[in-house]
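Here is a quick tour of a model, from its overall build down to a few single residues. Have the structure open while you read.

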Amino acid sequence: AWAALETAITRVGPEMEAKEVAMTVWGHATLGRQPGAETSAALELAVARVAREMVPQDVSYLTWGSLLFAVGRGVPLPGFYPSMWRAACEIDVSCFDNQKFLNMMFHAHLM
């Protein structure tokens with residue numbers, strides 16, 4: 001079942017919207033399953049394509065998920081991470097309309 005999910009992510013990656021990309025990375029981190037090489041490559045391309053469309057919630061999920069793998073499992077940060085972190089640091093705190101997402105960013109900062 002996991003292989004089918006990875007195949008599907010790789011197939012639809014070019015069409016994913018910002019929220020879908022962020023939730024996919026967050027979902028992998030939450031489940032403790034590192035994406036395979038092809039899936040990681042598809043997600044990195046998708047992030048590069050939709051990064052400018054991401055809202056603070058998407059950035060929170062993506063940042064937290066990426067850091068959880070790097071800090072918790074020793075997985076190298078994805079190639080998109082430095083530019084994503086810079087973008088995250090430039091978000092006006094008032095744009096976070098939900099305390100949960102601001103907390104996720106603070107947690108990511110502590111990692």
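The report below starts with the ground rules and then moves from the whole chain to its parts.

## Ground rules and confidence

This is a predicted model, so to speak plainly about cut-offs: local features need pLDDT of at least 70, side-chain atom pairs count only at pLDDT 80 or more, and totals for chains, interfaces and linings use all residues. Residues are numbered from 1 along each chain as its sequence is written, and side-chain values use heavy atoms, with hydrogens and water left out.

The average pLDDT (the predictor's confidence in each residue, from 0 to 100) is 84 for the protein, and 98% of the residues score at least 70. As a rule, where pLDDT is low, the predicted coordinates should not be read in detail.

## Overall build

There are six helices and zero strands; both are DSSP runs (helices H or I, at least four residues; strands E, at least two), numbered from the N terminus. The radius of gyration is 13 Å, close to the 13 Å from the globule rule for 111 residues, so the protein is as compact as a globular protein of that length. That radius is taken over C-alpha atoms, and the globule rule is 2.2 Å times the number of residues to the power 0.38. Along the principal axes, the C-alpha atoms fill a box of roughly 40 × 30 × 20 Å.

Of the 111 residues, 40% are buried. Buried means under 20% relative accessible area, exposed over 50%, and partly exposed in between (1.4 Å probe, protein chains only). Among contacts (heavy atoms within 4.5 Å) with a separation of 6 or more, 74% join residues 24 or more positions apart.

## The core and helix α4

The largest nonpolar core holds 25 residues, and those with the most contacts inside it are Val21, Leu43, Val47, Met54, Val59, Leu62 and Met84. Two or more residues come from each of α2, α3 (37-50), α4, α5 (81-89) and α6. Such a core is a set of buried Ala, Val, Leu, Ile, Met, Phe, Trp, Tyr and Cys residues joined through side-chain atoms within 4.5 Å. Beyond residues up to four places away in sequence, Met54 touches Ala18, Ala22, Val59, Leu62 and Met84.

Helix α4 (residues 56-73) is mostly covered, with 13 of its 18 residues buried. From first C-alpha to last, α4 reaches 25 Å, close to the 26 Å expected, a figure that is 1.5 Å times one less than the number of residues. Glycine 74 follows α4 and has a positive phi, near 70°.

## Residues worth a click

In helix α2 (residues 18-31) you will find Thr24, which counts as buried because its relative accessibility is 15%. Past its neighbours within four places in sequence, Thr24 is in contact with Ile9, Met16 and Leu43. His28 also sits in helix α2 and counts as buried, at 3% relative accessibility.

Over in helix α6, Phe101 is buried at a relative accessible area of 7%. Not counting residues up to four places away, Phe101 touches Gln57, Ser60, Tyr61 and Phe96. Ala51, in the loop between α3 and α4, is partly exposed at 32% relative accessibility.
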